[in-house]
Each structure stands twice: as structure tokens, then as C-alpha cells.
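Let's take a walk through this model together, starting with its backbone and moving on to its charges and its interface.

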Amino acid sequence: MTGRVCRGCGGTDIELDAARGDAVCTGCGSVLEDNIIVSEVQFVENSGGGSSAVGQFVSLDGAGKTPTLGGGFHVNLGKESRAQTLQNGRRHIHHLGSQLQLNQHCLDTAFNFFKMAVSKHLTRGRKMAHVIAACLYLVCRTEGTPHMLLDLSDLLQVNVYVLGKTFLLLARELCINAPAIDPCLYIPRFAHLLEFGEKNHEVSMTALRLLQRMKRDWMHTGRRPSGLCGAALLVAARMHDFRRTVKEVISVVKVCESTLRKRLTEFEDTPTSQLTIDEFMKIDLEEECDPPSYTAGQRKLRMKQLEQVLSKKLEEVEGEISSYQDAIEIELENSRPKAKGALANLSKDGSVEDTASSLLGEEDVEDEELEAAASHMNQDFYRELLGGGSGSAEAAENPEGGGRALALESLLGPLPTAASLGISDSIRECISAPGRDPDTSGDGELDLSGIDDLEIDRYILNESEARVKAELWMRENAEYLQEQREKEARIAKEKELGIYKEHKPKKSCKRREPIQASTAGEAIEKMLEQKKISSKINYSVLRDLNSKGGGSPQREGTRPAERASSRRLSRRRTPASRNGADPGACVGKRLRPLVSTQTAKKAAMGEAVLPSPPALGAELVRPAAVLVESGPVSYHPEEDADEEEADEEDGEPCVSALQMLGGNDYGCDGDDDEGY
Amino acid sequence: MTPMTPLSECSGIVPQIQNIVSTVNLACRLDLKKIALHAKNAEYNPKRFAAVIMRIREPRTTALIFSSGKMVCTGAKSEEQSRLAARKYARVVQKLGFPARFLDFKIQNMVGSCDVRFSIRLEGLVLTHQQFSSYEPELFPGLIYRMVKPRIVLLIFVSGKVVLTGKF
């Protein structure tokens, strides 16, 4: 503290007088500081003659009343936000923890977790209650208390999976590996709730034994421990002649009835369930079962394989049946009277003529044959084999039906194209022509290989279908369209009146890349580019700052006292609170009517959200800059800015506070702790 | 994606791909209403979601088409199929009269599953691979294993079934 340079003569020999509280230069005699506050322990005499130290105990967390200096202006200007958060958190933890009956040690540990979470910014964007619950549950897991996540979610009335998500994140971020839950932990708690009276211990022991057996039989992996406990307790209770119904158990254990029954059935499937009570207490079977899901899976696999084999066999059998059916039909056909042949011929001729126009190949011959056969059979069967015959006709038709359907389709297929041979092609060309140009131009063209256009066409509706769909859609979305119209009308009206405000949906803050800069000057420049800075900063001054590196431009109006105070402050203050965002932040946001330095500090806290990534890079550079010599330099833009502010806004109380506190060099040392 | 170690080939267990999610940029603004009203397989409910949901049968996939021209295609069982499906959707959009292109086709995520045919002791696994595993029977019956290299998340179940998912 005494290694300072006198402003008047430049001498380094400065004398500190603790009695008067002065710092005087011995060279020129100018007083550099007066009313110094020193950090010494003072003693006062008690009435009984003993002496005690002067002072108060201040809590580490910043809780408690802050004694005010200099008249109590703006009392409780705010403990810093961080302290407030921690205090709030502590209160919530105690409140919740007491409901869970956790002891003080657990609550303290939970608070430590919470502090870690806050420092890693895990509370941002999450409900405080969720984070608190996660901290508490983490403590429960590490300490091994029989508290379930379900209990916490019951207390908070929050979905247990939401809490679980927060808890998993917290455990991962804090790198705390909570050991897996052992269902045996819950037995005493549930047994107590089920009120077994004197035999509580015995029932618990039996239940524990059952649980261990279940564990060996792989029943507990992947299952909620409470369900297993419920099943074990139920069986244990029955074994000791307690009539505990399923309903009572599930109300204690908080699982569903079906879950409990399922566990009981699974246990029933294990060989242990076959033992009598006495045998069970004494004997431990050697073999272990597979987990129930595994056996179920294996069973399903086997079923599928069996089904496959069966279906193959069925196909073979069906093949045989169809071949028999075919043979039967051929026989029937051959036994038809030949007179019908004339009709068939006629129909055949007709079909030949119809399809003659289409220039397709072999398919036509097959088609017409199939069609002829189908129509022939149709006529015959329906005319002759009425009633009972129709059944067999259908049955006989089925193997043919498939073929017939195909025939029709392939017949119908060519027919339209036959009718509009040249037209369809040109239509398609017209549609794809506007689409084809952008395809082939430049990169990003759509490669059409492997895409069947016919298939694509099937996905597009024609005119009438589109109209119907449009009508339906309009009806479905009538309300939405109405809202849109109203919104547009409102916007148009506002535009006319000239008060149209475009409410853009809030864009989520993009995480900015931390600024990588080699010098402080570079960091400032990059930061300036990124952030939107107000018009009140003298940018030229800012840019000259670190380029000169110490010979900062001196403004006329700066008071030496102010500078001294800021200089001292800069030395003492940790780099963490002074980050590169300060110049812009403190001016851009006139947060509160406070001291300039305090504004900056508050702004630093408030802005910590956004610029913490960019500030990181700047910070890394900053400490080097701050500690060396440009500490006072960093304050200049603020002082300049503040003085600009002072010039423009005289009415603001911040001016008076600034002058008052800056002029007196008051409260510099105690500032940090006071949170002034 | 080829398997990392030859171990799977020795044991004969190869994961089957169940789903692939990919995105592509059609590079033109789209009128979702027009698309929804002129396509057979499209649904559009602007109140619920601001995109057209279109489906095609071969390969069986679903696409979300946004008015900015970006499209998400899901449901394909192989990379080639996903690309083919995305191209088909782009073709449909083209046929509806928009100058759609096919830029930046990228596969975002793949999901596969397999069965190792033996049961797995999840508690033991979480003890030995603490840094990678997360096993909370109260929340989820499977163990979530976050492998670092390759960057894949595996859901391991006690029955021996494993689900793998990851993006590169």
C-alpha cells in the first residue's frame, strides 16, 4: 500500500500515519489519503475489567444485516444476486429437508451441492424447486437414506420424471456417482409404515431374505425397488400370519396393483417359491434364474420361429390345395357343353378387337385369355350354379380372383394410356418442364434416377379430389384461419395508425463463442464488434486505451481523488468482477443510481448471463493487463462515460452519489464486503 | 457405418438399423397450404405444428416439410433408402409446382438395435464403467451408456437387448 507514487512530485516515499489516518508524501507534503480505514483488531474494556474485541461476526454467506456507512443511503441496495440466490436456496433446502426429516449434516451437504450447481450455472433455465429437490435427492443417495424420488415429487407435486431429468443432469455435471439403490434400504421404512407391532423385526428379516433371493434370481434389475419391496413385504407378512391386503401394501409402497401382482407372479415362477416356509428360512437354493424379461424374450423368439415354420408348412399345403382346385376347374370347364363355346368365341373376338388398339405385347394375349376365362366362368357359374353353387364358385374364383384382379388392373392400366397415347406424355412434359430447369442448373439438382414418376403421380390429387380436400381442410381449420385474418386486420389497422409494433417471438440467446484474443486490446475490439454498444462511449478513446498501454489520455475534469480511489479499487478488486464487457455494459445499461464502480459491478453480475463466454476470453487476458499497470486505465472509459452521463443527466441521484463517495474516498476498502 | 471392432463379426451379432433421420434443404419457399391441399398423403394442422407431414409407402417414411424449404425425413431403414425417400419427397414438391432443389442432404441420426442373447448384470456394469453409465431403475429400466469413441449412446437392458443411437 505504501508502494505508491505521489501525484504531485512523483516521489515514492509516502508515510502512513495510523493515528491520524493519513497518507502523506514526504517529498512535497501533499496529502494523498485521509480517513483511512485500517483493518486492525481493537479492544475495548468491559465493565468487569476484561477486554473484548470490537466487531461483529459476519456470516460467510453474506447473510445478516449489513451495517451502513455514511448515513444509510439506499439501505440494502442488494446483496449481490449470487448471495441472494444462495440464501434462497438454503431456505428452500431447509424447508424441504425438514419435511423429509433429514438431519443437519445432510442439509449442509445438500447446500454444498447447491452451491456447486449455482457456480456451474445449472440453475439457469430451471425451476429452483427442481434443482433443490435434485440436490436433496443426491444427498439421500450418497448417504443411503431410504428416501425415494417419488417422495420428493409428492412434496413438490411435480412429475417424477421431470425431477429425475434434473437429478441425472446434476449428478453428471457434478461428477458425483450415486451408488445404485438397494431395495433392502427401503424395507425398514415400509415395514414400519405397515405396523407389524412387535414382530416388526422378524417380518423385516424375512422380507430381507426374500429380497436377497429375488436379487439372486435376477428379478430386481431394471425394476423399481419399491415394487420389489412391496412384494417381499407382502409375502413376509403372510408368512408371519399378518393379513396385509394388496391395497394396504400398495398405498405404503406407492406402486400400482398390477405391478405388485406381476412381481408376485414372477416370484412364483422361481423354484424358491415351491419351498415351504421353514425350508425357505433354512435352505438356499443354488441355481439362479434368468431375469424374467430375458425368459419372456426367449419365449417370444421361439414362438416367432415356430410361427415361421408353421406358415411355411401352411404355404405348402395351400399350394397343394390350389393345385387341386385348378385341376377341378379345368375338369369342369372341359365338361362344359360346347354350345357355350360360340358365346365364348364371340366374347373373345370382342375383347380382341378392344385390345387390338393397344400396341402392347404379350400381356394382351394373357389378359384377354384371363378375361375371357373369367367372364366365361362368371356367366356359367352364376347362371347354372345358383345358391349353393355360388359358394363354391367364389371359392373356386379366389385363386383365379387374384389373377382376375391383376388382369383387370393391367387391362385398365393400358386402357387410359391407350386412349390418350400422345396426350399424357405431353402433359407430363408440361408439368416437369418448369421443374426440370432448376434441376439441371448448378449444384443441388435433384437426381431423378430410381424414382418412378408414375408412383409420384399417385401421390398427387387431381382437380376434383383437391377441391374436396380443400373444402374439408377449410372446415377443419376454420378457427385458425379466422384468427389469422383477424391478426392481419389488426396489423393493417395498426400500420395505418402508425403504431405498428412488430412483436417478434423471443429469440433464444445464442451462446456466443468465447473471444479468442491475444491481447486485451484485441479482446476489447472483438467484444465491441459482438455487442451492441450505446452511443455514449467515446470509441476513439477506447481504442487508444491499450494501444498506449498506460499513457491514457487524461481528461480535464477528472478529479485526482477519484482516480486514486479507482486505482486502489482496481488493484484490490478481483478480475472476476471486472470483465471486458464493462465499458459497454455499464453505459449501455444504466441499471441503478449507484457509484460508477458499483454500477459496473452490478452490470457485471447482471450481464454475466450473456458475456460470460466472451468475458472468459477477455478475462484470461484481462488479469494480466489489470495486475500489471493498466488497472487504472481500464477505468477510464467508465469515468469518461460517467462524466458524459453526469453532464447530460444532472438530475439523477447517481451523480451525487458518485461525487460524494468518490470525493471522500470513503468505503473503498469495505466496499466489496458491504455490497454497497 | 461399419462396426468398430471385429468382435461383433466373430460373435455374429450385427445391429439392425431401425430408423434414420435425415435433413435436406429444398432451397425455395413453400406454400404449405397448397402442398397440403394437392397432395394425397399430406396432413397440415397449422394450429398444432407449422409443417406439412407427408408420407410415402416405398420406402416407408415420413417427412416434415417446412415453409422455409427445409425438410426432415424419418423412418428409413438404410442410408440409401433415406436418400431415395428424400428425393421422392422433393420430386413430389417439384410436381406440385415449386422449384425444389436437393441441397445438403445430411443424415442426422441413426438408431439400431440388437440382441446379445444373454442377460446382463446392469448393477455390475454401472460399478465398473461409472464414468460412462447411468442406471436409475426408478426412472428407466435400462442402463444408459454414453460411449465416447465412437460417440454413441447405448440403452442396455437386462434381457440382453441393446439399442444404439448416435449422430456424427
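## Backbone, charges and interface

P150(B) sits in the loop that joins β8 (143-147) to β9 (152-156) of chain B; strands (E, at least two residues) and helices (H or I, at least four residues) are DSSP runs, numbered from the N terminus. This is a predicted model, in which local features need pLDDT of at least 70 and side-chain atom pairs count only at pLDDT 80 or more, while totals for chains, interfaces and linings use all residues. Residues are numbered from 1 along each chain as its sequence is written, chains are lettered from A and ligands numbered from 1 in the order in which they are written, and side-chain values use heavy atoms, leaving out hydrogens and water.

Chain B has another cis bond, from E58(B) to P59(B), with omega near -5°. P59(B) belongs to the loop between β3 (51-56) and β4 (61-66) of chain B. In chain A, Q101(A) has a positive phi, near 60°, although this residue is not glycine; its place is the loop between α1 (81-99) and α2 (104-119). These are worth a look because most residues other than glycine have a negative phi, and most peptide bonds are trans.

Now to the charges. Over all chains there are 18 salt bridges (a side-chain nitrogen of Lys or Arg within 4 Å of a carboxyl oxygen of Asp or Glu). Here are two of them:

| Salt bridge | Closest N and O atoms |
|---|---|
| R261(A) with E257(A) | 2.7 Å |
| D457(A) with K95(B) | 3.0 Å |

R261(A) and E257(A) share helix α10 (residues 257-269) of chain A, 4 residues apart, or about one turn of the helix.

How many salt bridges does the rule find across the interface of chain B and chain A? There are 6. The contact (heavy atoms within 4.5 Å) draws 59 residues from chain A and 50 residues from chain B. Together the two chains bury about 4900 Å², 57% of it on carbon and sulfur atoms; buried area is the accessible area (1.4 Å probe) that two parts lose on being put together, summed over both. On the chain B side, K95(B), E138(B) and L139(B) lose the most area to chain A, together 17% of what that side buries.

Finally, R458(A) is part of helix α18 (residues 453-458) of chain A.
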